[in-house]
Amino acid sequence: MIELLAPALLAGLAVALVAGPMGAFVVWRRMAFFGDTLAHGALLGAALALALDVNLYLAVVVICLAIAAALVGLQQQRQIAGDTLLGIVAHTTLALGVIALSLQKTVQVDLMAYLFGDLLAVNWRDVAALWGGAAVILALLAWQWRALLSITVNEELARVEGIAVTRTRMLLMLLLALLIAGAIRTVGVLLITSLLVIPAAGARRLSRTPEQMALIASAIGLLAVNLGLTLSWYADTPVGPSIVVAAAALFVATLLRSPRS
Amino acid sequence: MTAPLVTVEEVALSLGGHPVLEDVSLTLEPGRITTLIGPNGAGKSTLARLILGLMQPDRGRIRRRTGLRVGYMPQRLSVDESLPLTVDRFLWLGAPGRTRTRREALARTGVAHLRQRPVRQLSGGELQRVLLARALLRQPDLLVLDEPAQGVDVAGQDALYGLLNEVRDQRGCGILLISHDLHLVMARTDQVVCLHHHVCCSGTPEAVSRDPSYQRLFGLPGPATNLAVYTHDHDHDHGLSGGVSGDVSSDVSSDGHGDHEHHHHGDHHD
């Protein structure tokens, strides 16, 4: 059992570990829908990677960044509200991605694997890539933690205190794009937002400082991956959704605790 | 004479087609407290934002001394419910360093007991003192405070201005205050700039309070008005954390304008 599950488990753990602190930022900055939109766009990236025969992760990162840039540009106008805009972009890119994948003549594409992930199909090379990516993201987060947190608490104060606000915001976008690229093969584009948001939301009630919240979110995510895989193994349920359900169950468990402020 | 910290030269700015600032010039010097007064909507905060570099003027220029360290105390600050943040971590964001320096900064503004408290649970007055502690932690050359008297009673305000004077004397930094509260501010200030889209008048508090354009702007009916510039009394003791013996508010008389509310006595934040 362990030889079969080891790559899946390690891949899931890499994603969950990074999704802790990244999810905390998504929650603090109210970017859940934004992250979701990028994730939907990732499908388009996957389609392009197949069509142009380029690296999947690279294509997804590039497409996510392009969508992020387009959204930031579109948000300058005021006539369409931010969430409406995200809804338009998310579902348009998702539709385009599905169409583009269906047009692939050479390979049979498993659409479900991209949408809901296929953790059991990852190989050791994927595991290595995921842990490499995780190390890069965590290192960047640690290095820029004060700047990232400063612009989250108060952008003006951060700017006056000499933090490069625009550059820091772009870094956050890049990190989110990297994470989504890592997620596409593991939990899938439709479920990555839940792995970002649910552990962080669960961690909120258990923490007093931002750092605690990021760490506890990671812990909840890691636990959810273990529980989800176990559930999937014994009950023969799809892996990605099982992990999300496990995370949700852990979140509900945190509700039983009285909140700390 | 040391170089000025900030020089504002003939600055103009329009927002949404409306001119907010026209031909504004002023100089901020080290070791000097400058107070920007004016009615609501006069462009005080906008001018402060220009000085802080948060906005750019349409015309004119703003020169900052190279390597200028700025401490900024915004009017308010709201932390999202989803973000758990203690006062200590909040201060760390402004100036990472030893816990001891953060403890000292809080003690200085009279709120040492709040260090482990969540920022969201602070009262208005407490938050202001925490914000001031963060600004001071940065060892600023220039301290900018937007409406520091807001949400603080008269005794607390007096202590606040006392502290600002102390900081100015110790560090030799320049201080820019924004206020629409006239009396207390005036006596503790070296230079007053009266702003209403343009600089109406500026100078020492005494000179400004006698200026006809100042009196017009604040609706005072002529020079006969009993406008007392608040002078500091030393017959009472006070601390930033509240509690005053001796009547402070009786020194402040504000006749002739009904929009001025008298502040409550005593500190209700503790």
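**Where chain B meets chain A**

User: How many salt bridges does the rule find across the interface of chain B and chain A?
Analyst: The rule finds four. This is a predicted model, in which local features need pLDDT of at least 70 and side-chain atom pairs count only at pLDDT 80 or more, while totals for chains, interfaces and linings use all residues. Residues are numbered from 1 along each chain as its sequence is written, chains are lettered from A and ligands numbered from 1 in the order in which they are written, and side-chain values use heavy atoms, with hydrogens and water left out.

User: What makes R49(B) and E156(A) a salt bridge?
Analyst: Their closest N and O atoms are 2.1 Å apart. The term requires a side-chain nitrogen of Lys or Arg within 4 Å of a carboxyl oxygen of Asp or Glu, so the pair qualifies.

User: Which elements of chain B give two or more residues to the side that touches chain A?
Analyst: They are α1 (44-52), β5 (70-73), α2 (87-94) and α4 (124-137) of chain B. The largest share, five residues, comes from α2(B).

User: How many residues are in contact across this interface?
Analyst: 31 residues of chain B are in contact with 23 residues of chain A, contact meaning heavy atoms within 4.5 Å.

User: What area do chain B and chain A bury between them?
Analyst: About 2400 Å², with 58% of it on carbon and sulfur atoms. Buried area is the accessible area (1.4 Å probe) that two parts lose on being put together, summed over both, so the value covers both chains. L83(B), P84(B) and L93(B) supply 25% of the area that chain B buries against chain A, more than any other three residues.

Technical notes. Helices (H or I, at least four residues) and strands (E, at least two) are DSSP runs, numbered from the N terminus.
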